[in-house]
Amino acid sequence: MTENRHQISGLLTPDGLEQALRAVGEERYHVHHPFHKMMNAGELTKPQMQAWALNRYCYQSVIPKKDAIILSRSDDPAFRREWRKRIIDHDGEEGSAGGIERWLRLAEGLGLSRQDVLSRKLALPATRFAVGAYVDLVSGSTLLVAVASSLTELFSGLAISQRVPAMLERYDYITEDTLAYFKPRLHQAPRDAEYALSLVHEWADTVEKQQAAIDALITKCDILWAQLDALYHAYVTPGHIPPGAFRPEA
């Protein structure tokens, strides 16, 4: 059995805890996945990009739901006021599109039917299971674990800053309008990560709680990684597309 390099043996300082959390991302964040590397390198076909956008919508669409669950579990009005910004960011407000609508426009820009994406019926079974696991994690664990699981946002800003120019340069059918989802995330994600990290620093005041926060981030990284595993298996190699899932040739 290999040693768990993310297992801590004593109480960490706030800086030490942040370093431990960032070490998880350096090893496990899904930018290191072969499918993601192919995307940035311009090596995905348009149908593979469509499969990514369609399946990723399942995850995007559940973000406000999981944030509403987290918000509902707190008795602190200050926390709820801050956390509800995430729901507005994705659901939007009257007269202002949110992240979910922008993702639908991304999918349409790739040539997908909005209704097919909305229905989620063509998503991979593994995608739906992974997204369900995320909802289960935030609803069935402590509030600390639920908040800590959101800390993948510590790494998303860099990923977006690399992904957007790479996609614009290497896919001639992708425009800035197609990728409009990502621009607001460049300031939303760091804002959200900073707040969540401050809560983890405050709440994780024992070795056990710090380890729980680290493990929560590992689990979230695993959930994101599993989604790309499913895409790679179905649409890259060996190319086993499950019954009922999106088929490019259809």
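A: Buried means under 20% relative accessible area, exposed over 50% and partly exposed in between, with a 1.4 Å probe and protein chains only. Helices are DSSP runs (H or I, at least four residues; strands are E, at least two), numbered from the N terminus. This is a predicted model, in which local features need pLDDT of at least 70, side-chain atom pairs count only at pLDDT 80 or more, and totals for chains, interfaces and linings use all residues. Residues are numbered from 1 along each chain as its sequence is written, and side-chain values use heavy atoms, leaving out hydrogens and water.

Let's begin with α1, which runs over residues 14–28. Its 15 residues reach 21 Å from the first C-alpha to the last, close to the expected 21 Å (1.5 Å times one less than the number of residues). The buried residues of α1 are Gly-16, Leu-17, Ala-20, Leu-21, Ala-23, Val-24 and Gly-25. They pack against three helices, namely α9 (153–170), α10 (182–203) and α11, where contact means heavy atoms within 4.5 Å.

With a relative accessible area of 17%, Gly-157 is buried. The C-alpha atoms of Gly-157 and Leu-186 are separated by 5.4 Å, although these residues are 29 residues apart along the chain.

Next comes α3, covering residues 46–72. Its 27 residues reach 40 Å between the first and last C-alpha, close to the 39 Å expected at 1.5 Å a residue. Look for a kink of about 35 degrees at Ile-63, shortly before the proline Pro-64; the bend is the angle between axes fitted to the seven residues ending there and the seven starting there. Of the 27 residues of α3, 21 are buried, so this helix is largely enclosed by the rest of the structure.

Further along, α4 (residues 77–91) and α5 (residues 99–109) pack at an angle of about 30 degrees, with their axes 4 Å apart. Axes are lines fitted to C-alpha atoms, for helices over the stretch in contact, and angles run from 0 to 180 degrees between N-to-C directions. That angle makes α4 roughly parallel to α5 (under 35 degrees; over 145 is roughly antiparallel, 65 to 115 roughly perpendicular, the rest oblique). Where they meet, α4 brings Asp-89, His-90 and Asp-91, and α5 brings Gly-99, Ile-100 and Arg-102.

Lys-85 also lies in α4, and at 34% relative accessibility it counts as partly exposed.

Now for α7 and α11, whose axes come within 8 Å and cross at roughly 165 degrees. The result is that α7 is roughly antiparallel to α11. On the α7 side, the contact includes Ala-126, Thr-127, Ala-130 and Tyr-134. On the α11 side, Ala-216, Thr-219, Lys-220 and Ile-223 are among the residues involved.

In the loop between α6 (114–119) and α7 (125–140) you will find Arg-120, which has a positive phi of about 65 degrees although it is not a glycine. Arg-120 is partly exposed, at 37% relative accessible area. In the segment after α11 (207–235) comes Pro-238, joined to Thr-237 by a cis peptide bond with omega of about 5 degrees.
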